[in-house]
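We will go from stop to stop, selecting a few residues each time.

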Amino acid sequence: MPCRGLTLMSASLQRKGVNFYVKSSKFEQDYPVGSVQRVRLEKKVEKDYFTILAQNRQLEIQRQQWGFIKETPHCDMWQKFQYSPAW
């Protein structure tokens, strides 16, 4: 549940299981839904999230191969995110 004053940024990211909140009273005004600026921002957030997830996934795979861990939650999240419906 978000803190007071935060706005959910992207319904499309939320469909992929990523809740991204912004702290700005003017966010909807500065980035109207469907605007080029909003679409660019949402795609950048999605790309950055996916990149971080992929890096964490690689670390988990190495740790699993070395026998340090058994579970790979980032691998599971990466797969879920990768195969979620697109925009």
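**Stop 1: a pair in one helix**

Select Asp48 and Lys44: they form a salt bridge, and their closest N and O atoms are 2.8 Å apart. This is a predicted model, so keep that in mind as you go. Both residues sit in helix α3. They are four residues apart there, which means that about one helical turn separates them.

Now colour the pair by accessibility. Asp48 counts as partly exposed because its relative accessible area is 35%. Lys44 is also given as partly exposed, at 48% relative accessibility.

**Stop 2: the whole chain**

Zoom out. How many salt bridges does the structure hold? There are three.

Switch to the cartoon view. The protein chain has four helices and two strands. Follow them from the N terminus, and the order reads β-α-β-α-α-α.

Next, show the surface. The accessible surface of the protein chain comes to about 6700 Å². Carbon and sulfur atoms account for 54% of that surface. Of the chain's 87 residues, 23% count as buried.

Contacts tell another part of the story. Take those between residues at least 6 apart in sequence: 43% of them join residues at least 24 apart.

**Stop 3: a network around Arg38**

Select Glu28, Arg38 and Glu42. A network of salt bridges links these three residues.

Start with Arg38 and Glu28. Their salt bridge has its closest N and O atoms 3.3 Å apart.

Is Arg38 buried or exposed? Arg38 is buried, because its relative accessible area is 4% and the cut-off for buried is under 20%. Glu28 has a relative accessible area of 38%, so Glu28 is partly exposed.

Now move to Glu42. Its side chain meets that of Arg38 in a salt bridge, at 3.1 Å from N to O. Glu42 and Arg38 are four residues apart in helix α3, so about one helical turn separates them. Both Glu42 and Arg38 are buried.

**Stop 4**

Where is Ser35? Look in the loop between α2 (27-30) and α3. The Ser35 side chain reaches the backbone nitrogen of Arg38 at 3.2 Å. With a relative accessible area of 14%, Ser35 is buried.

**Stop 5: Glu71, in another loop**

Select Glu71. This residue is found in the loop between α3 (36-65) and α4 (73-82). Glu71 counts as exposed because its relative accessibility is 66%, and exposed means over 50%.

Finish with a distance. How far apart in space are Glu71 and Ile61? They are 9.7 Å apart, C-alpha to C-alpha, and ten residues apart in sequence.

Terms used: Residues are numbered from 1 along each chain as its sequence is written. This is a predicted model: local features need pLDDT of at least 70, side-chain atom pairs count only at pLDDT 80 or more; totals for chains, interfaces and linings use all residues. Side-chain values use heavy atoms; hydrogens and water are left out. Buried means under 20% relative accessible area, exposed over 50%, partly exposed in between (1.4 Å probe, protein chains only). A polar contact is a pair of N or O atoms within 3.5 Å; within protein, one must be able to donate a hydrogen and the other to accept it, and residues adjacent in sequence count only if both atoms are side-chain atoms. Contact means heavy atoms within 4.5 Å. Accessible areas come from the Shrake-Rupley method with a 1.4 Å probe; for residues, only the protein chains shown count as cover. A salt bridge is a side-chain nitrogen of Lys or Arg within 4 Å of a carboxyl oxygen of Asp or Glu.
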